[in-house]
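Colleague: I am new to this structure. Could you walk me through how to read it?

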Amino acid sequence: MHEGSHSQAQRFDPRQVTRPADVLLRYYGFIALCSLIAFPITMLVLYCKFVTLRYRFDDDGVSMSWGVLFRREINLTYRRIQDIHVTRGILQRWMGLATVSIQTASGSATPEMQIEGVLEYEALRDFLYAKMRGSREESAPPAGAAGDLDGPGDEALELLGQIASDLRAVNDALARGRAGADGERGA
Amino acid sequence: MSVARAASQWVYEGVWGVLTGLFRVPREAPQLPGLSGEKVVALRPCDGWLSYRKTLFWLACLIVDIALGVAWLLLLAAQPPLALVLLAPWLIVMIVPDIFAYIAVYLRYDSTWYVLSDRSMRIRRGVWIIYETTITYENIQNVRVTQGPLQRLFGFSDLVVETAGGGGSGKGEGASLGGHVGILEGVADPAALRDQILDRARLSRSTGLGDDAPRRDFPAQASGWTSAHVRALRTVAHEAARLRATICPAD
């Protein structure tokens, strides 16, 4: 079952994602309907957001921007991601949508970035997760070395002993040299 | 009794059938992409948690129904004909929400998943709105274990992990939606899980703020020094001090 999701993640290339799926506009329509009397205003705002919404995933980070009058742009790097939330309301499930929220270590409780309208949200989340700190071995001890904790520890001890003896030799040599120089000067 | 059990089981399966079919609620555990050979376990809250929720349900049920019963008796004393007419709807109001609430207790239990791997966790909760949180242990700042008296009676604790950043109040659905927290309710053995998470966080030498960990990261550095190491280090420091004193005596 892991194979399946993995190959799906490989097929999915987030760099291709620049615009939300069209179905997001339909979802926004339903959301706006929920605001009842304020429907025209909400719909206008959400429509503008949908039309101007842009995503850009590159090697180091992701940015999104939207807005007509008030433009907003959010940039963050994958390494700074603290946690990833995926929220799916019932409408979103029916439409195959999800909100992928990314949080960094900033002080706000609301997620820094909410990626909406990506149909391959599972693959996107796996992609972000793989880029996240601590999801792979690189920032943690290598798997091979983790098993034999004594090996490197003893090696470090040995190395320290070597350094100490080296330093002692240098010290002794210097002391001898100084003594010799003093002797010559004295003579 | 077994017939009743089978019937309730059948009803419950029917509810889940509607939920998965019509409302697209996934019943299986969420996936966590692990490295090959990595152990990924999918956990549920423990049985004690279910008993605890059921106890809370019965308590709430008792309070509400006693209140409704007393109200009906008062009505009976004041206006007997009206009270008798209202008896049937009154009973429906008393009983039907309880059934839904009882099913909801089980739904909450069955839709809550904690998927743990060696380096991260994924928490899912919710039926109408499904919240899924993914946190790597590396990013975890602290682990809180809380246990109330009733929870102690049922033998479980709540485990709250927090990542850096503010805002998360640590309570309720809103926190799991927005805050920098992951809540694991109903953990039977919180100490083991806490140690697993904290060991991982201890291995990491970074602050968990998204900074790149140093490339040379030996387990020896993280696993702590023995007294032999410290002795050797003392010698090194002593010799280094001598070297400095010899080469630049002016200092």
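Modeller: We will take the elements, then the sheets, then the cores.

Colleague: What should I know before starting?

Modeller: This is a predicted model: local features need pLDDT of at least 70, side-chain atom pairs count only at pLDDT 80 or more, and totals for chains, interfaces and linings use all residues. Residues are numbered from 1 along each chain as its sequence is written, while chains are lettered from A and ligands numbered from 1 in the order in which they are written.

Colleague: How many helices and strands does chain A have?

Modeller: Helices (H or I, at least four residues) and strands (E, at least two) are DSSP runs, numbered from the N terminus. Chain A has seven helices and six strands. Along the sequence, the pattern is α-α-α-β-β-β-β-α-β-β-α-α-α. Chain B has nine helices and seven strands.

Colleague: What do contacts tell me about sequence separation?

Modeller: Two residues are in contact if their C-beta atoms, placed from the backbone, lie within 7 Å. Take contacts in chain A between residues at least 6 apart: 45% join residues at least 24 apart. For chain B, with a separation of 6 or more, residues 24 or more positions apart account for 55%.

Colleague: Now the sheets. Which strands form the open sheet of three?

Modeller: Two strands pair if DSSP finds at least two bridges between them. In chain A the order is β1-β2-β3, with antiparallel pairing. The edge strands are β1 (54-57) and β3 (72-77) of chain A, each pairing on one side only. The twist averages 10° from one strand to the next; axes are lines fitted to C-alpha atoms, for helices over the stretch in contact, and angles run from 0 to 180 degrees between N-to-C directions. Four bridges link β1(A) and β2(A), residues 61-66. Look at A:Arg56: opposite stands A:Ser63 in β2(A).

Colleague: What is the strand order in the open sheet of seven?

Modeller: It runs β6(A)-β5(A)-β4(A)-β4(B)-β3(B)-β2(B)-β1(B), antiparallel. At the edges are β6 (113-116) of chain A and β1 (41-43) of chain B. Neighbouring strands are turned by 15° against each other on average, direction ignored. Inside it, five bridges join β4(A), residues 83-88, to β5(A), residues 99-103. There A:Val86 stands opposite A:Val100.

Colleague: Why is β7 of chain B largely enclosed by the rest of the structure?

Modeller: Seven of the seven residues of β7(B), 181-187, are buried, so the strand is largely enclosed. β7(B) pairs antiparallel with β6(B), residues 157-163, over five bridges. B:Val161 stands opposite B:Gly182 in β7(B).

Colleague: Which residues have the most contacts inside the largest nonpolar core?

Modeller: A nonpolar core is a set of buried Ala, Val, Leu, Ile, Met, Phe, Trp, Tyr and Cys residues joined through C-beta atoms within 7 Å. The largest has 26 residues, and A:Ile84, A:Val100, A:Leu124 and A:Leu128 have the most contacts inside it. α5(A) gives the most to this core, with six residues. A second, separate core of 24 residues includes B:Leu32, B:Tyr52, B:Ile140 and B:Ile183.

Terms used. Buried ≥ 20, exposed ≤ 12 C-beta atoms within 10 Å, placed from the backbone.
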